[in-house]
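Let's take a walk through this one together.

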Amino acid sequence: MEFNSQEDLKAHLMATSEEFRLLIAQHTDYDRQIASIEGLPHVTPEAEIEEHRLKKLKLHIKDQITEVLSRYRTQPVS
């Protein structure tokens, strides 16, 4: 199966891959948590540490999403 764009591939995987949906959900949750910390009027040192931890986790999930996309793109056409 061939996709015209990255967005088409993502839409297909959202509809067909539980793994991909879970990764996207985790990425979105980390993004929401980071935005919540960044929106605080005063960020404590503890909150900064948590923000840094969440950013690392979010980046790790992004790498996993990229891996899934890459793996799917390299599968033989059926």
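Which residue caps the N-terminal end of α1? That's S5, with a side-chain oxygen lying 3.3 Å from the backbone nitrogen of E7. Keep in mind as we go that this is a predicted model. Confidence in the protein chain averages a pLDDT of 91, and 91% of its residues reach 70 or more. Helix α1, which covers residues 6-16, has the lowest mean pLDDT among the elements, at 92, while helix α2 (residues 18-38) has the highest, at 97.

Now follow α1 along its length. Its buried residues are L9, H12 and L13. They cover an arc of only 95° around the axis, so they sit on the same side of α1. The spacing of a helix explains this kind of pattern: an α-helix has 3.6 residues a turn, so residues three or four places apart point the same way. And what do the buried residues of α1 pack against? Their partners are α2 and α3, the latter running over 45-73.

Next comes the loop between α1 and α2, which is where S17 has its place. Is S17 buried or exposed? S17 counts as buried because its relative accessibility is 15%, and the cut-off for buried is under 20%. The side chain of S17 also reaches the backbone nitrogen of F20, at 3.1 Å.

Time to zoom out. The protein chain has three helices and zero strands, and reading along the sequence gives the pattern α-α-α. With a radius of gyration of 16 Å, well over the 12 Å that the globule rule gives for 78 residues, the protein chain is more spread out than a compact globule. You can see that in the C-alpha trace too, which spans about 55 × 20 × 15 Å along its principal axes.

What about contacts and surface? Take the contacts in the protein chain with a separation of 6 or more: residues 24 or more positions apart account for 61% of them. Buried residues make up 21% of the 78 residues. The accessible surface of the protein chain comes to about 5,800 Å², and carbon and sulfur atoms hold 55% of that.

Conventions. Residues are numbered from 1 along each chain as its sequence is written. This is a predicted model: local features need pLDDT of at least 70, side-chain atom pairs count only at pLDDT 80 or more; totals for chains, interfaces and linings use all residues. Side-chain values use heavy atoms; hydrogens and water are left out. pLDDT is the predictor's confidence in each residue, from 0 to 100. Helices (H or I, at least four residues) and strands (E, at least two) are DSSP runs, numbered from the N terminus. Buried means under 20% relative accessible area, exposed over 50%, partly exposed in between (1.4 Å probe, protein chains only). A polar contact is a pair of N or O atoms within 3.5 Å; within protein, one must be able to donate a hydrogen and the other to accept it, and residues adjacent in sequence count only if both atoms are side-chain atoms. The radius of gyration is taken over C-alpha atoms; the globule rule is 2.2 Å times the number of residues to the power 0.38. Contact means heavy atoms within 4.5 Å. Accessible areas come from the Shrake-Rupley method with a 1.4 Å probe; for residues, only the protein chains shown count as cover. The arc is that of the directions from the helix axis to the C-beta atoms.
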